[in-house]
Amino acid sequence: TDGVQLSTDLYLPPIEGGYPVVLLRTPYGKQQMQTYGNFFASKGYATVVQEVRGTFGSTGQFLPFVNEKKDGLEVLNWIVRQ
């Protein structure tokens, strides 16, 4: 809601429908989580991999633990709306 854009990848199972969701947020780059995204998707889980604020492709300033609750709740709310 503050205009910061968080870089996010979404991995979906091959069958359409509603899925349980695994959320992975990292300051280390989402490319390192691609294996996890593919693994969980192959097991029937939608997987959301997100780079935290101010790291890699995400905008804003990286301040460890300062924005994690707000940003985490925002992505969880987005997941619920899907």
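Q: What does the side chain of T26 reach?
A: The side chain of T26 reaches the backbone nitrogen of Y28 at 2.9 Å. A polar contact is a pair of N or O atoms within 3.5 Å, one able to donate a hydrogen and the other to accept it; residues adjacent in sequence count only if both atoms are side-chain atoms. The model is predicted, so local features need pLDDT of at least 70 and side-chain atom pairs pLDDT 80 or more, while totals for chains, interfaces and linings use all residues. Residues are numbered from 1 along each chain as its sequence is written, and side-chain values use heavy atoms, without hydrogens and water.

Q: Why does T26 count as buried?
A: Buried means under 20% relative accessible area, exposed over 50%, and partly exposed in between (1.4 Å probe, protein chains only). T26 has 3% relative accessibility and therefore counts as buried. T26 lies in strand β2, residues 21–26; strands are DSSP runs of E with at least two residues, and helices are runs of H or I with at least four. Apart from neighbours within four places in sequence, T26 is in contact (heavy atoms within 4.5 Å) with M33, Q50, E51, V52 and T55.

Q: Why does S7 count as buried?
A: S7 has 15% relative accessibility, so S7 counts as buried. S7 lies in the segment before β1 (8–11). The side chain of S7 makes a polar contact with the side chain of K30 at 2.9 Å. Not counting residues up to four places away in sequence, S7 touches K30, V49, Q50, E51, G57 and S58.

Q: Why does W78 count as partly exposed?
A: W78 has 33% relative accessibility and therefore counts as partly exposed. W78 is found in helix α2, residues 68–81.

Q: What makes the nonpolar surface patch?
A: L10, L12 and W78 make a nonpolar surface patch of about 280 Å². Patch residues have over 30% relative accessible area and no salt bridge; nonpolar side chains (Val, Leu, Ile, Met, Phe, Trp, Tyr) are joined within 5 Å, like charges within 9 Å. A salt bridge is a side-chain nitrogen of Lys or Arg within 4 Å of a carboxyl oxygen of Asp or Glu.

Q: Why does the radius of gyration of the protein agree with a compact globule?
A: With 82 residues, a compact globule would have a radius near 12 Å, and the protein has 13 Å, which agrees. The radius is taken over C-alpha atoms, and the globule rule is 2.2 Å times the number of residues to the power 0.38. The C-alpha trace spans about 35 × 25 × 15 Å along its principal axes.

Notes: Areas by Shrake-Rupley, 256 points an atom, 1.4 Å probe, with all protein chains shown as cover.
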